[in-house]
Amino acid sequence: MRFDMRVHLFVAVLVLPATVLAATAVSDSPPDRLASVESFASISDTSARSVAIFTELGKVLTSPRCMNCHPVGDRPRQGDMSRLHQPPVERGADGFGLPALRCPICHQSANYDPAGMPGDPIWHLAPREMGWEGKTLGQICAQIKDPARNGNRSVDALVEHIGEDHLVGWAWRPGYGRRPAPGTQTEAGALVAAWVKTGAACPN
């Protein structure tokens, strides 16, 4: 490579936006773990730190445990490969399935590992307006900040929803044959709180 080309490449790296560099930096953390809030303290630019924190949280939001229940269409997905739900069910008017095949008919109050059946007392699909399937992390970020598309929640309410909600918490205790979401629910809640505190900035 000629010297002048190396100089141009070096300059190009130097002028990359801080948000891009920060978001890329967290990709070094293991895919099944979540970096601590403290690990982002070295990012001096508040907006860049916010983006980096949300990018780390994105490991949870884009995991099969979350994406399978946030489809854009009416069919949930299942398993680590996010295949279409079998038997072929649909969300229904309230997210709990069609009248003839309601979610709680099969999905009981807890996981039933002998059959590989996940469960929770209020097992259901996220509302259609909360569908994340096929969206970029930046689009998901904008969506969960929008009360019209996040269940009418403020960004502060998202801290409790992600960090404490029992159905959301199932993502970290999915039962036999399914990988849990990265990290822990407590760690995810801490990341959401730090993201909100730093201005809830979104990746591009």
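Which two cysteines form a disulfide, and how far apart are their sulfur atoms? Select Cys141 and Cys202, whose sulfur atoms lie 2.0 Å apart and form a disulfide, a term used here for a pair of cysteine sulfur atoms within 2.5 Å. Before going further, note that this is a predicted model, in which local features need pLDDT of at least 70 and side-chain atom pairs count only at pLDDT 80 or more, whereas totals for chains, interfaces and linings use all residues. Residues are numbered from 1 along each chain as its sequence is written, and side-chain values use heavy atoms, with hydrogens and water left out.

**The disulfide**

The structure holds one disulfide, and with -80 degrees about the S-S bond the link of Cys141 and Cys202 is left-handed. This pair links distant parts of the chain, 61 residues apart, since Cys141 sits in helix H6 (residues 137-145) and Cys202 in the segment after helix H9 (185-197); helices (H or I, at least four residues) and strands (E, at least two) are DSSP runs, numbered from the N terminus. Cys141, at 0% relative accessibility, counts as buried, whereas Cys202, at 22%, counts as partly exposed.

**Two further cysteines**

Select Cys103 next, together with Cys69, which holds the closest cysteine sulfur: the distance from the sulfur of Cys103 is 8.8 Å, too far for a bond. Cys103 is buried, with a relative accessible area of 16%. Cys106 is partly exposed, with a relative accessible area of 35%.

**Helix H7**

Now select helix H7 (residues 155-164), in which Leu158, His161, Ile162 and Gly163 are buried. To see what covers these buried residues, display their contacts, meaning heavy atoms within 4.5 Å; the cover includes helix H3 (46-61), H6, helix H8 (166-169) and H9.

**Salt bridges**

A search of the whole structure finds eight salt bridges, each a side-chain nitrogen of Lys or Arg within 4 Å of a carboxyl oxygen of Asp or Glu. Begin with Arg128 and Asp74, whose side chains meet in a salt bridge at 2.4 Å, N to O. This pair links distant parts of the chain, 54 residues apart, with Arg128 in the loop between helix H5 (103-106) and H6, and Asp74 in the loop between helix H4 (64-67) and strand E1 (77-78). Arg128, at 46% relative accessibility, counts as partly exposed, and Asp74, with a relative accessible area of 28%, is partly exposed.

Select Glu133 and Arg77 next, where the side chains meet in a salt bridge at 2.7 Å, N to O. Glu133 lies in the loop between H5 and H6 and Arg77 in strand E1, so this pair ties together parts that are 56 residues apart in sequence. Glu133 counts as partly exposed at 27% relative accessibility, and Arg77 counts as partly exposed at 28%.

The last pair to select is Asp94 and Arg102, with side chains that meet in a salt bridge at 2.7 Å, N to O. Asp94 counts as partly exposed at 41% relative accessibility, and Arg102 counts as partly exposed at 28%. To end the tour, select Arg65, Asp80 and Arg179, which salt bridges that share partners join into one network.

Conventions. Buried < 20%, exposed > 50% of the residue type's maximum accessible area, 1.4 Å probe, protein only.
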